[in-house]
Amino acid sequence: MTEFLVFVGFRPTSTRQFEKLWPGLSKRGLLGEVTTPTQLPDGYVHNLHEVHEVLRAEGPVHETRLPHGLKVWVVTRYDEAKTALTDPRLAKDTAELGRLLEIHAPEGRRALDESLSEHMLNMDPPGHTRLRKLVTKAFTARRVELMRPRVEEISAELIAKLNDGDVVDLLEVFAFPLPITVICELLGIPIDNREEFRDWTNRLLTFGTTEDVQAAGAAMAGFLYQHVSKVQAAEPDDTFFSALVHATESGDRLSTEELVSMAFLLLVAGHETTVNLIGNAVFQLLKNPGQLQILKDKPELIAASAEEFLRLEGPINHATFRYTKEPVELGGVTVPADEIVVVSLASANRDPERYENPDQLDVTRSAQGHVAFGHGIHFCLGAPLARLEFDVAMTQLLARFPNLALAAEPTTLTWRDSTLIHGLHTLPVRLA
Ligand code: HEM
């Protein structure tokens with residue numbers, strides 16, 4: 001038994017050790033006795049950091065079942081996370097991953113519309129290299145900085161609608177509309193459709209029935225096909241998406257399917273993440289008045305503080321699924337071939353071996369090197385845009401509402417039912 005536990009990443013342990021790390025753990029029934037694979041608790045997303053702390057202390061890599069039953073190997077420590085994200089033996093090819101999801105998920109795979117899956121985040125080189133090259137130029141820090149005046153305008157318009165004394169859901173009125181407006185403008189998509197997008201992506205990313213996920217995927221794909229066809233038929237102009245649709249590289253051009261998938265990826269990645277970066281950061285600040293005061297006193301620190309919020313409470317729990325093409329040894333643990341691996345970015349970013357007092361918010365710390373944007377060839381393409389949106393949003397919000405306060409007990413706020421996205425359902429605040 002001991003050998004087996006060492007093989008899958010657990011050092012021999014006892015419930016007492018778990019108890020020391022997390023008093024009441026076994027009483028809460030969150031992990032219970034160590035079994036293989038360990039079933040992550042239903043309450044995992046609501047106790048993300050506590051569960052990670054226990055797993056991380058036990059070992060770098062764990063054979064587990066996610067709450068909805070999928071068997072995966074979770075990487076929890078910083079060094080192993082970075083190694084895994086750059087190891088070419090951990091692959092992403094959609095077809096192969098689909099086959100493995102069918103094997104490892106107890107109730108089969110939650111199929112996503114195929115036309116949404118052919119994007120670079122689901123590909124290995126050379127397909128990934130080709131697609132990434134076509135969009136990279138539009139997302140450099142220099143190009144993105146040119147968007148600042150427009151991002152400031154959108155943010156200011158949203159803030160102008162808010163009044164002192166009002167109690168609002170900050171996600172609803174500010175953190176959500178800002179990034180979705182920016183990404184829709186980039187893709188040339190009418191903003192009237194944004195509520196539909198929110199509904200579709202929410203259903204695609206949270207636990208739902210297969211039918212629900214498929215219906216949301218089909219609706220999204222249908223809309224994006226129409227949009228791409230319209231842009232293809234129109235005269236090229238200098239907008240980002242038109243340029244992408246009409247771009248050619250040495251006679252190569254994106255197919256309609258690739259454009260639909262690319263638009264889908266940019267839409268989902270472009271707002272589901274940033275909304276929660278802003279939301280999680282405001283939540284953290286309102287729970288830590290001393291830290292909030294530092295940023296109010298020195299707003300010039302806001303831009304750099306993005307890294308600390310990404311590290312401490314980043315919007316993505318784990319990187320997207322990878323699978324082992326052959327047995328891969330990670331931190332002394334051998335993951336067999338044909339296994340699904342998830343790298344927990346949230347856990348790696350709180351690894352005490354990498355960051356001192358990792359659970360504490362310190363807006364002045366140098367949090368560089370965090371893996372909230374991933375690492376390696378799939379490193380977030382939109383990182384400069386996310387950083388810009390964060391800077392503008394937080395600067396304007398704190399300047400206009402310096403006495404912003406939570407309008408609910410922090411413990412009553414709940415996290416969205418997704419192992420991928422780490423964001424609150426609502427963030428009730430009193431504007432002042
Ligand atoms: C705070 C905000 C954001 C966070 C935390 C974030 C995080 C990530 C992470 C962790 C990955 C890599 C996933 C993996 O390796 O499995 C990724 C990839 C990606 N992100 Fe972001 N993202 C954010 C905002 C954005 C924005 C605003 C955009 C686009 C406008 C964007 C577009 C992309 C794209 C296209 C990829 C795929 C890159 C590739 O496969 O080469 N992201 N992001």
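**Overview.** I am working with a predicted model. I looked up the secondary structure and found 20 helices and 11 strands. Next I checked burial: of the 432 residues, 53% count as buried. The exposed surface comes to about 18,500 Å², and carbon and sulfur atoms supply 52% of it. I then turned to contacts between residues at least 6 apart in sequence. Of these, 72% join residues at least 24 apart.

**H11 and H20.** I picked helix H11, residues 177-187, and helix H20, residues 383-400. Their axes lie 11 Å apart, and the packing angle is about 135°. Angles over 145 degrees would count as roughly antiparallel, so I logged H11 and H20 as oblique to each other. Their crossing is right-handed. On the H11 side I listed Leu178, Pro179, Val182 and Leu186; on the H20 side, Leu385, Glu389 and Ala393. I sorted the residues of this contact into 6 nonpolar, no polar and 1 charged.

**H16 and H20.** Helix H16 covers residues 274-287. The axes of H16 and H20 come within 10 Å and cross at roughly 40°. This pair is therefore oblique too. I noted a right-handed crossing here. H16 brings Thr274, Leu277, Ile278, Ala281, Val282 and Leu285. Facing them in H20 are Ala386, Glu389, Phe390, Ala393, Met394 and Leu397. My tally for the H16 contact with H20 is 10 nonpolar, 1 polar and 1 charged.

Methods: Residues are numbered from 1 along each chain as its sequence is written. This is a predicted model: local features need pLDDT of at least 70, side-chain atom pairs count only at pLDDT 80 or more; totals for chains, interfaces and linings use all residues. Side-chain values use heavy atoms; hydrogens and water are left out. Helices (H or I, at least four residues) and strands (E, at least two) are DSSP runs, numbered from the N terminus. Buried means under 20% relative accessible area, exposed over 50%, partly exposed in between (1.4 Å probe, protein chains only). Contact means heavy atoms within 4.5 Å. Accessible areas come from the Shrake-Rupley method with a 1.4 Å probe; for residues, only the protein chains shown count as cover. Axes are lines fitted to C-alpha atoms, for helices over the stretch in contact, and angles run from 0 to 180 degrees between N-to-C directions. Angles under 35 degrees count as roughly parallel, over 145 as roughly antiparallel, 65 to 115 as roughly perpendicular and the rest as oblique. A crossing is left-handed if the near helix is turned anticlockwise from the far one by less than a right angle, and right-handed if clockwise. Ala, Val, Leu, Ile, Met, Phe, Trp, Tyr, Cys and Pro count as nonpolar, Asp, Glu, Lys and Arg as charged, and the others, Gly among them, as polar.
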